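Please examine the backbone geometry and strand pairing of the structure shown below. The report that follows treats each topic under its own heading.

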Amino acid sequence: METYRLAEAREHLDELYGRVRNSHAHIAIAESGEAGIALIPIGELREYERLRDEADLAAAKAVFEDPGGEWIPHDEFMAQLEAEDRVAAG
């Protein structure tokens, strides 16, 4: 994956957009050394979101189907999922 500085990415956004859209490139953008975001094709983002949603549903179903499991309030469960997503995102 190529990495561009933020200022450079701004100057070439139309080119980077075309590369991501047409050739399915992945491009990282860094503001102060380390990449903070990535440009990826929207189809890949949608697939990632679908897989994440499936994993969340599977986790919820496992809790629901475990008769000895401990129930937690919805807000707490969602907070746990969001925390796991933040850890996974790095």
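## Hairpin and strand pairing

Strands β2 and β3 form a hairpin with 1 residue between them, and G33 in the turn has a positive phi of about 100°. Helices (H or I, at least four residues) and strands (E, at least two) are DSSP runs, numbered from the N terminus. The model is predicted: local features need pLDDT of at least 70, side-chain atom pairs count only at pLDDT 80 or more, and totals for chains, interfaces and linings use all residues. Residues are numbered from 1 along each chain as its sequence is written, and side-chain values use heavy atoms, leaving out hydrogens and water.

Two strands pair if DSSP finds at least two bridges between them. β2 and β3 (residues 34-39) run antiparallel and are joined by 5 bridges, with I29 opposite I37 in β3. Strand β1 (residues 2-5) runs parallel to β2 (residues 27-32), with 4 bridges between them; here E2 stands opposite I27 in β2.

## Residue E34

E34 lies in strand β3. This residue is exposed, with a relative accessible area of 68%; the classes are buried under 20%, exposed over 50% and partly exposed in between (1.4 Å probe, protein chains only). Between the C-alpha atoms of E34 and R5, 29 residues apart along the chain, the separation is 9.2 Å.

## Helix α4 and positive phi values

Helix α4 (residues 74-89) has 16 residues and reaches 22 Å from its first C-alpha to its last, close to the 22 Å expected; the expected span is 1.5 Å times one less than the number of residues. G90 follows α4 and has a positive phi, near 85°.

H24, a residue other than glycine, also has a positive phi, near 60°. H24 is placed in the loop between α2 (13-23) and β2.
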